[in-house]
Amino acid sequence: MEYVINTRIEKAKILLLRSSRSIADIADEVGYASSSSFINLFVKRTGESPTQYRKSHRNSE
């Protein structure tokens, strides 16, 4: 299960930086039925919300 979660989060990070798709669309694409559960897990794993991650890391890619 850890592998699946890590893979989903890594894919979400790429999508956040390389697209302007909504958080809900990205959550759905990486396999989460609910954007709120995706956001909660993303924060636990990265320390930032998906929106914060997109803003703070987009320029560094």
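**Exercise 1.** Describe how helix α1 (residues 2-18) packs on helix α3 (residues 35-46).

Solution.
1. The two axes approach within 11 Å and cross at roughly 95°; axes are lines fitted to C-alpha atoms, for helices over the stretch in contact, with angles from 0 to 180 degrees between N-to-C directions. Helices are DSSP runs (H or I, at least four residues), numbered from the N terminus.
2. This makes α1 roughly perpendicular to α3 (65 to 115 degrees).
3. With contact taken as heavy atoms within 4.5 Å, E2, I5, N6, I9, A12, K13 and L16 of α1 meet F38, L41, F42, R45 and T46 of α3.
4. The residues of this contact divide into seven nonpolar, two polar and three charged.

The model is predicted, and local features need pLDDT of at least 70, while side-chain atom pairs count only at pLDDT 80 or more and totals for chains, interfaces and linings use all residues. Residues are numbered from 1 along each chain as its sequence is written, and side-chain values use heavy atoms, without hydrogens and water.

**Exercise 2.** Determine which residues of α3 are buried and what covers them.

Solution.
1. F38, L41 and F42 are buried in α3 (under 20% relative accessible area, 1.4 Å probe, protein chains only).
2. They lie on the same side of α3 because they cover an arc of only 105° around the axis, taken from the directions from the helix axis to the C-beta atoms.
3. Their cover includes α1, α2 (23-29) and α4 (50-57).
4. On the face turned away from the buried side, α3 carries N40 and K44, which are exposed (over 50%).

Note on methods. Helix = DSSP H or I, 4+ residues; strand = E, 2+ residues; numbered from the N terminus. Parallel < 35°, antiparallel > 145°, perpendicular 65-115°, else oblique. Nonpolar A, V, L, I, M, F, W, Y, C, P; charged D, E, K, R; others polar.
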